[in-house]
Each structure stands twice: as structure tokens, then as C-alpha cells.
Amino acid sequence: MIIEIDFNSDEALYLQLRNQIIMGIATAQFREGDALPSVRQLAETIGINMHTVNKAYTVLKQEGYVKVDRRRGAVIAIDIDRMRTLAELKKELQVILAKSSCKNISKEEIHELIEEIYEDYR
């Protein structure tokens, strides 16, 4: 993946780097389990400070795009975040479905609502 940083942009360098990596994931240039270049390596390649790269990697980790492996460095890890998100969603849905049950809303009506809402995201 070629990372392009615009040094004249008003957007912070670490955010540009973060966004480029997210775009790389979205376009399958990076896949689950792929190791990103080391902080030092990427900083030298792009010509930016190592702290900037480290900040971008930290933000990517916080947002659930990468995990840090002691041996491999920053590694693309979408599925780990996906599992956590599914667990959180399940807890939220349990309450929503309990409320629905109390109001005698059927399973079919819930499915219809879900389909209707998903249509907005397609």
C-alpha cells in the first residue's frame, strides 16, 4: 500500500495516516492478520516523526482496527473488535426485546423493523 501524506493539509498527519490505513483495510489492501510496518520503518518511509506514526497506530488500536502483538507489532484485527461489538449489541438487544415483549410486539414485527432500518444503510 502506498501511503500519501499531504503536508499542506489542515488535517493532522496522524489522522491522515489513520485514514489511509482504514482505506487500505476497506479496499482489502490490508487483511485480517496482516502486520503493518514498524513505527520506525513507516516514519522513515513517509518522512514523518515516529511519534506521529505511533499516535496513528494508537488511535487505530483504540478504534478496533489493529491489535499490538509483541513480536509482530501492529496487526490488522477487525474480527476481535467485531466479536466485542456483537457481545455489546447482544446486551442492548436483550433489553430492547424485553421491552418489546412487554408491549406484545411480535417477532415478525421486530424482523420487519430490522429490515426497514437496514434498507437505510444499503
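Glu63 and Arg18 form a salt bridge (a side-chain nitrogen of Lys or Arg within 4 Å of a carboxyl oxygen of Asp or Glu), with 2.8 Å between the closest N and O atoms. Glu63 lies in the loop between helix H3 (50–62) and strand E1 (66–69) and Arg18 in helix H1, so the pair ties together parts that are 45 residues apart in sequence. A search of the whole structure finds 1 salt bridge. The model is predicted: local features need pLDDT of at least 70 and side-chain atom pairs pLDDT 80 or more, whereas totals for chains, interfaces and linings use all residues. Residues are numbered from 1 along each chain as its sequence is written, and side-chain values use heavy atoms, without hydrogens and water.

Arg18, at 18% relative accessibility, counts as buried, and Glu63, at 32%, as partly exposed (buried, under 20% relative accessible area; exposed, over 50%; partly exposed, in between; 1.4 Å probe, protein chains only). The other buried residues of H1 include Leu17, Ile21, Ile22 and Ile25. Just after H1, Ala28 has a positive phi of about 65°.

The largest pocket holds about 400 Å³ of space (a pocket is an open set of points on a 1 Å grid over the protein atoms alone, where a 1.4 Å probe fits, with protein on both sides within 12 Å along at least five of seven lines; lining residues have an atom within 4 Å of a point). Of its 13 lining residues, Leu93, Ile96, Ile110, Ile114 and Ile117 are the closest to the centre. Helices H4 (78–102) and H5 (107–119) each give two or more residues to the lining, and H4 gives the most, with 6 (helices are DSSP runs of H or I, at least four residues; strands are runs of E, at least two).

Technical notes. Grid points are joined across faces, edges and corners, and a volume is the space filled by probe spheres set on the points.
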